[in-house]
Amino acid sequence: MSDPTGVPPSSVVLVSGGSRGLGLAIVADLLASGVKVAAFARTVTAELTALATKYPDQLHVGAVDVNDPQATSAFVKQVEEKLGPVDGIVNNAAVGQDSLHVHTSAEQIADIIQTNLTSPLILTRFVLRRMLAKGLKGRIVNVTSICAQRGYPGLVAYSATKGGMDAATRSLARELGGRVLANSVAPGFFASEMSAVLGPTQLDQIVRRTPTGHLTEPEDVVPVVRMLLLENTNVNGQVLVIDGAASV
Ligand SMILES: NC(=O)c1ccc[n+]([C@@H]2O[C@H](COP(=O)([O-])OP(=O)(O)OC[C@H]3O[C@@H](n4cnc5c(N)ncnc54)[C@H](OP(=O)(O)O)[C@@H]3O)[C@@H](O)[C@H]2O)c1
């Protein structure tokens with residue numbers, strides 16, 4: 001069959017923040033699809049260790065801080081040795097926010113921007129340079145958020161980083177000239193450690209505003225990430241919102 005995108009499915013995918021929440025669900029799904037996966041977070045959880053035991057030849061895990069470029073570079077090189085060259089990246093690791101802008105210190109703002117915007121761009125640059133130097137094609141999926149498109153109190157710096165990644169996605173798609181497909185997935189709120197700050201009233205409000213009548217689940221997002229990494233769709237430079245039309 002012809003390959004309309006000219007970019008083959010990714011075979012070795014790096015997932016940041018693959019230890020829990022959405023990242024862990026993406027890792028489990030890619031492994032079940034037969035893809036080799038490298039997953040890192042600051043702490044390797046029992047769930048991620050269990051996957052590494054189940055898929056010893058397919059999964060490489062590490063305790064790595066995305067904000068430490070030397071550690072992320074060393075991890076990528078280990079991955080290449082164990083699994084082969086990386087040709088897919090899922091920038092999923094991020095920190096949340098639960099503070100009004102006027103109550104958020106300059107240091108907190110800088111930390112959120114570092115983790116959610118600067119470090120993913122540095123990691124993407126590192127992986128892309130190695131990918132392109134080897135003549136490989138590849139795919140990038142940035143996990144952003146509906147917060148980049150709609151306003152939410154308490155999430156000013158966080159929203160800015162997600163909007164920044166969406167903007168970077170579009171420019172990457174242009175700059176990479178079709179050799180690497182770059183897209184964002186922008187979920188609505190889903191239950192995780194990050195969103196645990198939302199109370200029942202706020203969650204009820206979101207559900208009432210959602211035509212599909214339920215909160216987004218990681219399981220709603222996972223197939224879209226899989227499609228962007230593995231299917232031939234010619235989708236490039238897009239932000240795919242997954243929120244049951246809550247924001248429409
Ligand atoms: N939950 C929501 O409602 C929601 C909605 C829209 C978009 N999102 C986005 O979806 C993605 C996943 O969110 P989630 O809800 O699954 O969050 P989560 O449960 O808090 O998981 C975040 C992951 O990122 C890792 N991480 C955080 N800081 C890191 C660092 N400095 N270095 C390496 N890894 C780091 C965490 O592990 P460690 O802490 O051990 O490092 C964890 O694996 C994020 O990009 C988030 O912004 C979430």
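This is a predicted model: local features need pLDDT of at least 70, side-chain atom pairs count only at pLDDT 80 or more; totals for chains, interfaces and linings use all residues.
**Nonpolar cores**

The largest nonpolar core holds 29 residues. Within this core, V27, L59, V90 and V185 have the most contacts. Two or more residues each are given to this core by the strands β1 (12-16), β2 (36-41) and β5 (138-143) and by the helices α1 (21-32), α2 (46-54) and α7 (218-230).

V185 can be followed in detail. Leaving aside neighbours within four places in sequence, V185 is in contact with V141, N142, V143, T144 and S145, with V221, V224, V225 and L228, and with L240 and I242.

**Aromatic pairs**

The structure holds 2 aromatic pairs, listed here.

| Pair | Arrangement | Centre to centre | Angle between planes |
|---|---|---|---|
| F40 and F75 | edge-to-face | 5.6 Å | 70° |
| Y152 and F189 | edge-to-face | 5.1 Å | 85° |

F40 belongs to strand β2 and F75 to helix α3 (residues 69-83), so this pair ties together parts that are 35 residues apart in sequence.

Is F189 buried or exposed? At 17% relative accessibility, F189 counts as buried, because the cut-off for buried is under 20%.

**Cavities and a pocket**

The model has 4 cavities of 30 Å³ or more. The largest cavity has a volume of about 100 Å³ and is lined by 13 residues. Y152 and F189, the partners in the second pair of the table, are among the lining residues nearest the centre of this cavity, together with I206, T210 and A246. By residue type, the lining of the largest cavity divides into 6 nonpolar, 5 polar and 2 charged.

The second largest pocket has a volume of about 160 Å³. L121, T124, R125, L128, R129, L132, A168, L172, E175 and L176 line this pocket. Helices α4 (106-133) and α5 (156-175) each give two or more residues to the lining, and the largest share, 6 residues, comes from α4. The lining of this pocket divides into 6 nonpolar residues, 1 polar and 3 charged.

Methods: Residues are numbered from 1 along each chain as its sequence is written. Side-chain values use heavy atoms; hydrogens and water are left out. A nonpolar core is a set of buried Ala, Val, Leu, Ile, Met, Phe, Trp, Tyr and Cys residues joined through side-chain atoms within 4.5 Å. Buried means under 20% relative accessible area, exposed over 50%, partly exposed in between (1.4 Å probe, protein chains only). Helices (H or I, at least four residues) and strands (E, at least two) are DSSP runs, numbered from the N terminus. Contact means heavy atoms within 4.5 Å. On a 1 Å grid over the protein atoms alone, a cavity is a set of points where a 1.4 Å probe fits but cannot get out, and a pocket is an open set with protein on both sides within 12 Å along at least five of seven lines; lining residues have an atom within 4 Å of a point. Grid points are joined across faces, edges and corners, and a volume is the space filled by probe spheres set on the points. Ala, Val, Leu, Ile, Met, Phe, Trp, Tyr, Cys and Pro count as nonpolar, Asp, Glu, Lys and Arg as charged, and the others, Gly among them, as polar. Rings of Phe, Tyr and Trp (its six-membered ring) pair if their centres lie within 6.5 Å; planes under 30 degrees apart count as stacked, over 60 as edge-to-face and the rest as tilted.
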